[in-house]
Amino acid sequence: MSGSYDESASFEEATDSFWEVGNYKRAVKRIDDGHRLCNDLMNCIQERAKIEKAYSQQLTEWSKRWRQLVEKGPQYGSVERAWLAMMTEADKVSELHQEVKNGLLNEDLEKVKNWQKDSYHKQMMGGFKEAKEADEGFKKAQKPWAKKLKEMETAKKVYHMACKEEKLASTREANSKAEASVTPDQQKKLHEKVDKCKQDVQKAKEKYEKALDELSKCTPQYMEHMEQVFDQCQQLEEKRLSFLKEVLMDIKRHLNLTENQSYATVYWELERTINAASAQEDLKWFSNNHGPGMHMNWPQFEEYNPDVSHTVTKREKVKKPNEGVSAVGDHVVAQGGDRGSVSSYDRNQAYSAEWSDDEQPASHSGNETNGGTNPTEEDSGKGVRVRALYDYDGQEQDELSFKAGDELTKLEDEDEQGWCKGRLDCGRLGLYPANYVEPI
């Protein structure tokens, strides 16, 4: 019997199997994790909605700023309209991203919140009803088998200890035979000890085998009941996984603007507007409004008329292409009530054709130095600081010249023709287009 015990067998490696006592806890924890994952998904949706909102706002701000700059800038005609179409695209795409944000928050987020509420029921003492039911189901299924397992483990321990005692007694008896000091009576007692240990081993082995047999008979029922509870957990998890997939498809539908017909229409309209731009059309317009195609009242002999004042009319603001200009009497008059921004074609202002041999354009101030007026004590202490948006080269002696980014002082508000009086930092006074600057 001494060979029936292997000491290393008493140190069996513990497995991580689901069937081990208590290892069902992972299946229960998965239920709690499902509730937490719903919260994570809602936080994920909220963050994406914030991104969509911020992008929408950035598009709107960008569109507003650049629409003003283009409208006030020197670009004109159909190419200007094509450029402005980019701002229209931004406004419409901004609206679409607002719709994405609304869809994420009002539909997807609410859908997850409602499903979570219907699928997980909180208890007064904490935790969720579904997790508690699963935990109790596993405990009930495992309890009989766990009891038999404990009895088997106890029997195994007793058997292994008996084997250890039997082996120790046999070793002592064998050693005593080689020692002369051991009396026959002592050897007899050692032999009796060995016989008793062998009997104990046999009894322990029988109990161990019986306990193991009872455990084995209990195992199939244990597995069946555990699988039934586990299947219930699987059904709950299947519902969660299927719902998650469904929600993710809803989110994808909201995010994927390429499936939105309105989104495709935005770029169809943008392309159509750009294709409509015509260089020849714009060149023709410029020629008719600022080139050889303009009307001219060529000098003719005129009789003296004391009722007519020979003064130069004040420069008038030329309108944009779609507003047009027309000649009224001896003056060029801009049509349309909208005081549009100064563009490149606004730099050549319209003047009266009534010139005499000794008449020159009237200066804005009485004293001129190097083509401009000197600052006076009256002007030096007042004004509003402004910054140039574009380069401007003065077309007349009483006009200022500056580069984009230069700062100057506005001394008088914009007149009805769109001109302001200002002073450069070098001290020079003169006129400049009001729409070429912005307040600092």
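**Rings, strands and confidence**

Trainee: Why does Trp 145 count as buried?

Mentor: Trp 145 has a relative accessibility of 11%, and buried means under 20% relative accessible area, exposed over 50% and partly exposed in between, with a 1.4 Å probe and protein chains only, so Trp 145 counts as buried. This is a predicted model, in which local features need pLDDT of at least 70 and side-chain atom pairs count only at pLDDT 80 or more, while totals for chains, interfaces and linings use all residues. Residues are numbered from 1 along each chain as its sequence is written, and side-chain values use heavy atoms, leaving out hydrogens and water.

Trainee: What makes Tyr 222 buried?

Mentor: The relative accessible area of Tyr 222 is 3%, and therefore Tyr 222 is buried as well. Over the protein chain, buried residues make up 33% of the 440 residues.

Trainee: Why is the aromatic pair of Trp 145 and Tyr 222 called stacked?

Mentor: Rings of Phe, Tyr and Trp (its six-membered ring) pair if their centres lie within 6.5 Å, and planes under 30 degrees apart count as stacked, over 60 as edge-to-face and the rest as tilted. The structure holds 18 aromatic pairs; in the one formed by Trp 145 and Tyr 222, the centres are 4.4 Å apart with 5° between the planes, and the pair is stacked.

Trainee: What does this pair tie together?

Mentor: Trp 145 lies in helix H3 (residues 129-176) and Tyr 222 in helix H4 (residues 184-255), so the pair ties together parts that are 77 residues apart in sequence. Both rings belong to one aromatic cluster, whose members include Phe 138 and Phe 230.

Trainee: How do you know which strands are the edge strands of the open sheet of five strands?

Mentor: Strands are DSSP runs of E with at least two residues, and helices are runs of H or I with at least four, numbered from the N terminus; two strands pair if DSSP finds at least two bridges between them. The sheet has the order E6-E5-E4-E3-E7 with antiparallel pairing, and strand E6 (429-433) and strand E7 (437-439) each pair on one side only, as edge strands do. Inside the sheet, four bridges join strand E4 (residues 407-412) to strand E5 (residues 419-424), and Glu 412 stands opposite Lys 421 in E5.

Trainee: What is the mean pLDDT of the protein chain?

Mentor: The mean pLDDT, the predictor's confidence in each residue from 0 to 100, is 83, and 80% of the residues reach 70 or more. Over residues 1-13, however, the pLDDT is below 50, and over residues 310-380 the pLDDT stays under 50.

Definitions and conventions: Contact means heavy atoms within 4.5 Å.
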